[in-house]
Amino acid sequence: MPDPMRIRAVMMGDLVDVKILMSHVMETGQRKNADGDLVPAHYITEVSATCKDKTVMSAAWGPSVAKNPYFSFRFKGGAKGDKLSITWKDTAGGTRTDEVTIN
Amino acid sequence: MAAPSLFSTVIAACLAAMTALPAGAEQTSEEAIAEYHAMFGDENPAELWQLRGEELWKTPRGSRQVSLETCDLGKGPGVIAGAYAELPRWFEDTGKVQDLESRLVTCMTTLQGLPESEVLAIKFGDGEQKSDLEAVTAYVVAASRGSRISLPLDHPAEKAAYALGERVFFYRAGPHDFACATCHSESGKRIRLQTLPQLTTPEGAQAAYTRWPAYRVSQGELRTMEWRLQDCFRQQRLPQLKYGSDVAIGLTLYLARNANGGEMVAPSIKR
Amino acid sequence: MKKTRRDFLSLTGRLGLAAAALTSGLFSRIAMAVDTRPAFEATSLKDALASIGVTEHQASAEIILKAPDIAENGAVVPVEVTSKLPGTRSIALLVEKNPHQMSAEFMIPEGTEAFVATRLKVAETSNVFAVVKTDAGVFHAAKVVKVTLGGCGG
C-alpha cells in the first residue's frame, strides 16, 4: 500500500487552499541506480480531487513532475468541516486516496 | 553513488550565462539561490519521512512487540522533545557515547527485539527502498525544532569523543590528502555555487549543523548526519565511514558541540 | 481481409526493420513503454502541444508564471502559474529542453481557481512554458530557468 499523502486544506476567504505532498518516486525510467542498472519507469499519471461529489481538480502528469510531488490548487464551494478527497494513479497500477477535513 | 543521470547539467553554459551579466545587474547567484529556496516555503518533503517515522515510533514491532515509546534518547524514556539538540551524549546502559541513529539501533534491537541485521539492512533510502532508521530520525529531529543545541560535555567519555572528532576533522588522508578541514576550516570558501561552511567556529558550525538532517533535492531523499559524514568521506576518497562508529559519532559530537547554542531548524531542504 | 504474397513480403520487410530496431536498443524503450499517452511521448514542443489539440497560441501577460531564475538542482524546480484570463479551462506545463516536453496538464473546472503550483524536473537550462486554454483561444507565458550543478557533483 503506497504511503499516505500529506494534505493541508485550509479556508482562505471563500476559497479552499489545498497543499499536498505526495510520497512517490516518480522514476523516469532513465535513472541508473548505484549498481549501474536502469531503474524502471514508475510515476503518477493522474491526479484528481473531489469535494462534496464534485471534481474540483484533475490533472495528467508525466515523469518530469519532481519526485515526492508537491501540488497546490484552490477552489470555491468548500467550507470548514467538508471533506476533500485526493486520488493519484500511477504507471504500475498503483493508486492512493486520502481524505482530509477542510480547516 | 553519484552516477551520471539524465539530468546532468550544462555547467559551462550556465556559468557563461551568469558571467555574461553586467556587473551589479539583476542579482547575485547567492540571491538567486536564496530565491530558489524561498519558493519551497514550508512544504518540505521531509514531512513524509516524519509521518512514517511517527508511525514506526508508535507501532509495536519485533519479537518483544513493543513500540519505541519507551526508548530513552537521553532525556528519559520516550522523551523526544529537544532530545536531538542534546545528542550525541553518554549513555549509562550501553557505556558509550551515542548519536541519534546508533541510539535508535540500540532501542530497536534491545527494546523491540528486532535483529540488528534487519535494522541495519537499509540505512539510507533509495527510491522504492525506504529506510526505517531515516524515517524515525526525521520524526525525532523535528521534535527538536526551536531547541538550542546543548552539549555540556560533562562526562569524560564525551570529552574524549570531542577530542577524537576534532582529530579526525583535521586528519589528512586518502589519495587527495583531504581532511574535513581542507574544505571546512576557513570562511569565504565555495565549491561551484555552494558556499562551504566553516565548521570550526560557532557561527559556521551553527549555520550548518542546525539544518541537518535535510531533504536533499538532488537525491529526493531525506539525509541524516550519518549519511552526510559518510558521503563526505566518499567525496574525499577516504575508506567508507562505518555507520554508528566511534569516528562517525565523534565527528558528529565535534560539530554539534561547535554549534552549541544554535537553534535547531532541521529537517530543512538542501540541494 | 485477403492477404496477398506482396502484403506478406512487405510485412516481413517491416518486421525486418523492427528487428534492426530491436537490436539497436529501441526495444528496451518499447518494452518499458508504461505510458503511451501521445502528449507524454512527444519529443518536441510542437508535437506535445498538437497532442493536446494546440496548434496556435499567443503570448499573454495575463499569465503569471513564477519559477526561480536559477535552480540549485534541476531535479526539483518550483513552478507556479496563475491565469488571469477569463474562461481558463486548462493549464499545461512544458519544459523545452526536457527529452519529453510535456510535464503536466491541469483541468480547471468551474469554481476552481486558474492557479496551480508544483515542482518539475528541468534537465538543463531551458524555457519553461505555461500554456493556457481558454474559451477565447490558447495563450502562453515562458520563463528561462537556469539549471546548475552544485557542490561536489553529488
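## Close-up views of a predicted model

**Figure 1. Helix α4 of chain B and its surroundings.** The twelve residues of helix α4 (residues 100-111) of chain B should span 16 Å at 1.5 Å a residue, and the end C-alpha atoms are 15 Å apart, which agrees. The expected span is 1.5 Å times one less than the number of residues in the helix. Helices (H or I, at least four residues) and strands (E, at least two) are DSSP runs, numbered from the N terminus. This is a predicted model: local features need pLDDT of at least 70, side-chain atom pairs count only at pLDDT 80 or more, and totals for chains, interfaces and linings use all residues. Residues are numbered from 1 along each chain as its sequence is written, while chains are lettered from A and ligands numbered from 1 in the order in which they are written. The buried residues of α4(B) are B:L100, B:E101, B:S102, B:R103, B:L104, B:T106, B:C107 and B:M108. A residue is buried if 20 or more other C-beta atoms lie within 10 Å of its own, exposed if 12 or fewer, and partly exposed in between, with C-beta atoms placed from the backbone. Their cover includes β1 (89-91), β2 (96-98), α5 (116-119), α6 (132-142), α10 (225-235) and α11 (246-258) of chain B. Just after α4(B), B:G113 has a positive phi of about 75°.

**Figure 2. Helices α9 and α11 of chain B.** The axes of α9 (residues 202-209) and α11(B) come within 7 Å and cross at roughly 115°. Axes are lines fitted to C-alpha atoms, for helices over the stretch in contact, and angles run from 0 to 180 degrees between N-to-C directions. From α9(B), B:P202, B:A205 and B:Y209 make the contact; from α11(B), B:L255, B:A256 and B:N258 do. Two residues are in contact if their C-beta atoms, placed from the backbone, lie within 7 Å. By class, this contact has five nonpolar, one polar and no charged residues. Ala, Val, Leu, Ile, Met, Phe, Trp, Tyr, Cys and Pro count as nonpolar, Asp, Glu, Lys and Arg as charged, and the others, Gly among them, as polar.

**Figure 3. The open sheet of chain B.** Three strands line up in the order β6-β5-β7 (chain B), with mixed pairing. Strands pair if DSSP finds at least two bridges between them. The edge strands, β6 (221-223) and β7 (268-270) of chain B, each pair on one side only. From one strand to the next, the twist averages 35°. Strand β5 (residues 214-216) of chain B runs parallel to β7(B), joined by three bridges. One bridge pairs B:Y215 with B:I269 of β7(B).

Figure 4. B:V141 sits in helix α6 of chain B. B:V141 counts as buried because 28 C-beta neighbours lie inside 10 Å. Leaving aside neighbours within four places in sequence, B:V141 is in contact with B:Y84, B:P213, B:A266 and B:P267. The C-alpha atoms of B:V141 and B:W212 are separated by 8.9 Å, although the two are 71 residues apart along the chain. Most peptide bonds are trans. The bond from B:A266 to B:P267 is cis, with omega near 0°; B:P267 is in the loop between α11 and β7 of chain B. The bond from B:L87 to B:P88 is also cis, with omega near 0°. B:P88 lies in the loop between α3 (46-58) and β1 of chain B.

**Figure 5. Strand β3 of chain A and its partners.** Chain A has zero helices and seven strands. Strand β3 (residues 44-51) pairs antiparallel with strand β6 (residues 83-90) of chain A over seven bridges, and A:S48 has A:T87 as its bridge partner in β6(A). Six bridges join β3(A) to the antiparallel strand β4 (residues 54-61) of chain A. There, A:A49 is partnered by A:M57 of β4(A). The hairpin of β3(A) and β4(A) has two residues between the strands. One of the loop residues, A:K52, has a positive phi near 50° and is not a glycine. A:K52 is exposed, with 12 other C-beta atoms within 10 Å.
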